[in-house]
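Hi,

Here is the structure I promised to pass on. Have a look at it first, and then read on for what I found in it.

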Amino acid sequence: MKNPTQGTSQTADAGPAGAFRQAWALALPLLIWLALANMLLAMNLLFGAPSQADLLSPLRWLWQFISLRMLCCVLLAVLIQRHLFPRRRWTAVPMAIVMYLALAVVVGALKHDMPMVERLTGWTNNGVEQLYGMTIGIWREAITTAWITLAFALILWAAPARAHAWTVRLLQAVVVVLCALVGVALVYDIVIGQPASVQILGFAITEARDMVRLVRPEVTPLRVVFLSAGVFIALGWFWRRRRADTAESDARPHPFTWGAAATALLALAVLLPVPSSPALAYDRTVQGVLLSLAKTAITSPITDVQSRAFHDFVQTGGPRWQTADLSLRPQAGTPPRNVVLVMMESVRADSTTMHNAALQTTPYLKSLAEKGLMVADMSAVIPRTTSAWLAILAGQYPLVDQGFARWMKVYDNKPELGSLPHALGRVGYRSAFFTTTNLVYQSDEQVIHAMGFDTVKSEPDLSFPGAERVTYFGIADEHLLKPILDWSEDQHKSGRPFFATVMTNVGHHDFRTPSNWPKKVFDPSASPVLYDYYNCLSYIDDVMRRLVEGYTARGMLQDTVFVFVGDHGQMLGEHNTNQSFNALYQKALHVPMVIYAPGMHLPPGVVTGPRQQIDILPTIAELAGFEVQGGALPGISLLQPVDPERKLYFSGLIDWSYLAMRKGQRKYIYNFERSPMTVFDLAHDPQELSPLTDVAPAELAQMREDMLRWRIDSEIALMARRDTSVAGRVTWEVASIKATTAEPRLAPTLLPARQSH
């Protein structure tokens, strides 16, 4: 029996087109928000959305869009027409034109920068281009909404009448969630400068506590509006239609109506070619926000590559690389040398004085490079600090963020890992790790302890009452100096060689320096974020100066080898990207490296050829006076030549998001079939601005195969567990697959292995 208060809406929704009419009514706020989000994304790509928290910055940003000026003139003209000339609709057109001309005259009178005709021509061309670029993006959002509407209509048609109200509420909840998802994807793209993905959203959910630290500095009122606007649009629309949407229908409408046919045709338009965009900035928006996000759930077919990798694992008797039986053998007549390894947070090569003489951010490190060795082409493997630790200290290709958690789980938080601290400890060294950060992010603490350092000192050990917290991870790096020097001097006096590892903190996002650090202007044209970043590098350079001078003052300089290297680079707006962790451009991967060993009398020079952080372990071993034995390292000592066509492999931080590879100066970036592989010629295009368009399909297929195989072999190498319980035989196991080989003969060590603590 009908509810008398719902009679009107029942009549409206009971006809043949009722299900599709109601489905469109449910999906309408999503369509509106998708269209707005697509426009905002395109606007951000054209002129970056402001990060300032003031009110004027968003207004100045909006003023840059000629298309919005045109739309404002049209809307104002329509409002005036409707109130003053309700029966003369045509008057809105001349009024809009007059307003547009008047606006141009006013701006011209204020600026005096170009003739009026030139201004009007430029405005009109730019405005039309912007409107077209945004329109083709909105067209794809309409197609996405059509698919959702089809699904909604079929659900409404199939649902029993008594469950109609609950079905509608469920679909409303789906729309609200989708609107929230679009808001998250929009803000992520604006802040980071890269499209969001299902993998990234999943990572953010599972690591919510750690993500709060990263997100908090980026919160501004405008971004909060972008994040929540879609949810409020949906909730407001559903509140307005709360009676009509949940009214029960006495008749189940037939699904095949003209509305169904029109919706189906619109949905099938997804098969049409994507319209060409008028400018590069629109390439990211023509696919549609939600459709692009959905496509990231699709990973490439890797079954065949994985099968071959496990087949080779069994046939060869173990992983392709491993350091479990890594050992060091002293070189005859070479006394052991102390080693100080400094990993510098987020230092990219081309922002240092070593690689850009006009930019005086790191003059002290440059002076050391002139007296020692500078590595011209050093790359990170994954633009993430923990990944750099594994590559540098263990000489292994590292894992992505989620991989570290899996690694710890496989080994019950005690992974079997050969590393520099372990190997040096067996030949009489003492080792220590110092950082002013708090090792609370994900698996950082477990990874450092797995390295086997005798001593680990982090922010809780180094901080003191009143210490300024410079970043959300820790205190200023100057507070490292005395503890490092004191510890080193204790080892020196005891007659034991030492290996001191330092991880700096300043330089991490959000690029703050201590309040007492006098800031300098290095480049008058630099953006505010570059200004802050350059000052971070200048601060790090000064800390390095004080560190080396401290070793000199305490009489340890001549016996010590210093290695300075960036843990990863940093994106600061290049390629519209503002973070490094999932960007595989050179800005995020190319890092500086300097070797300074005054007591060794190494001829000063430049290490050439494609190098990577996995090369640092064998290099330090050679500099300290040892020969690497056992294990199977992927790296090559920097003191040895390399093939200029050597392959370097890279991965984004988020699992199955991006892979990249260099073969000589040709670079390939692969995002698992979500878009065509991008190829650059770094010799002629070092800024990676002009992708190559004439690469043979066979070459792309081979590079994809190589990258996927590397990715799988790297994980097998770290996940494989070794069993030596049977004499004369070593059994490796990963994913329930076993491989057996003869037990290797290891070189004798000078001292028995010590328990690290």
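The protein chain has 25 helices and 22 strands. Keep in mind that this is a predicted model. Of the 757 residues in the chain, 54% are buried. Its accessible surface comes to about 33,500 Å², and carbon and sulfur atoms account for 61% of that. If you take the contacts with a separation of 6 or more, 74% of them are between residues 24 or more positions apart.

On to the inside. The largest nonpolar core has 85 residues, and Trp389 and Trp407 touch the most other members. Helix 25 (residues 697–719) gives this core its largest share, nine residues. Apart from it lies another core, this one of 54 residues, including Leu30, Ala37, Leu171 and Ala234. Back to Trp389: leaving out residues up to four places away in sequence, Trp389 touches Met343, Ala394, Phe433, Leu439, Asp444, Val447, Ile448, Met451 and Met503.

Some strands are worth a look too. Strand 17 (residues 659–663) is mostly covered, with four of its five residues buried. Which strands does strand 17 pair with? One is strand 16 (residues 647–651), which runs antiparallel to strand 17 and is joined to it by five bridges. In that pairing, Leu648 stands opposite Arg662. Another is strand 18 (residues 666–670), again antiparallel and again with five bridges; here Lys663 stands opposite Arg666. Strands 17 and 18 form a hairpin with two residues between the strands, and Gly664 in this hairpin takes a positive phi near 65 degrees.

There is also an open sheet of three strands, in the order 11-4-14, with mixed pairing. Strand 11 (590–591) and strand 14 (611–612) are at the edges; each has a single partner strand, so one side of each is left without a neighbour in the sheet. Strand 4 (residues 378–379) and strand 14 run parallel and are joined by two bridges, with Met378 having Arg611 as its bridge partner in strand 14.

Next, a few residues that bring together separate parts of the sequence. Leu373 sits in strand 3 (residues 373–375). Is Leu373 buried or exposed? Its relative accessible area is 10%, and the cut-off for buried is under 20%, so Leu373 counts as buried. Beyond its neighbours within four places in sequence, Leu373 is in contact with Met593, Val594, Ile595, Leu602, Pro603, Pro604, Gly605, Val607 and Leu639. Leu373 and Val563 are 190 residues apart in sequence, while their C-alpha atoms are 9.6 Å apart in space.

Gln322 is in the loop between helix 14 (303–316) and strand 1 (327–330), and is buried at 10% relative accessibility. Not counting residues up to four places away, Gln322 touches Gln396, Gly631, Ala632, Leu633 and Trp732.

Setting aside residues up to four places away in sequence, Arg69 touches Trp63, Gln64, Leu103 and Trp123.

Most residues other than glycine have a negative phi, and most peptide bonds are trans. The peptide bond from His509 to Asp510, however, is cis, with omega near 15 degrees. Asp510 lies in the loop between strand 9 (498–503) and helix 22 (528–553). Phe511 is found in that loop too, and has a positive phi near 60 degrees. Phe511 is buried, at 3% relative accessibility. His601 also has a positive phi, near 60 degrees, and lies in the loop between strand 12 (593–596) and strand 13 (605–607). His601 is exposed, with a relative accessible area of 66%.

Best wishes

Definitions and conventions
Residues are numbered from 1 along each chain as its sequence is written. This is a predicted model: local features need pLDDT of at least 70, side-chain atom pairs count only at pLDDT 80 or more; totals for chains, interfaces and linings use all residues. Side-chain values use heavy atoms; hydrogens and water are left out. Buried means under 20% relative accessible area, exposed over 50%, partly exposed in between (1.4 Å probe, protein chains only). Contact means heavy atoms within 4.5 Å. Two strands pair if DSSP finds at least two bridges between them. A nonpolar core is a set of buried Ala, Val, Leu, Ile, Met, Phe, Trp, Tyr and Cys residues joined through side-chain atoms within 4.5 Å. Accessible areas come from the Shrake-Rupley method with a 1.4 Å probe; for residues, only the protein chains shown count as cover.
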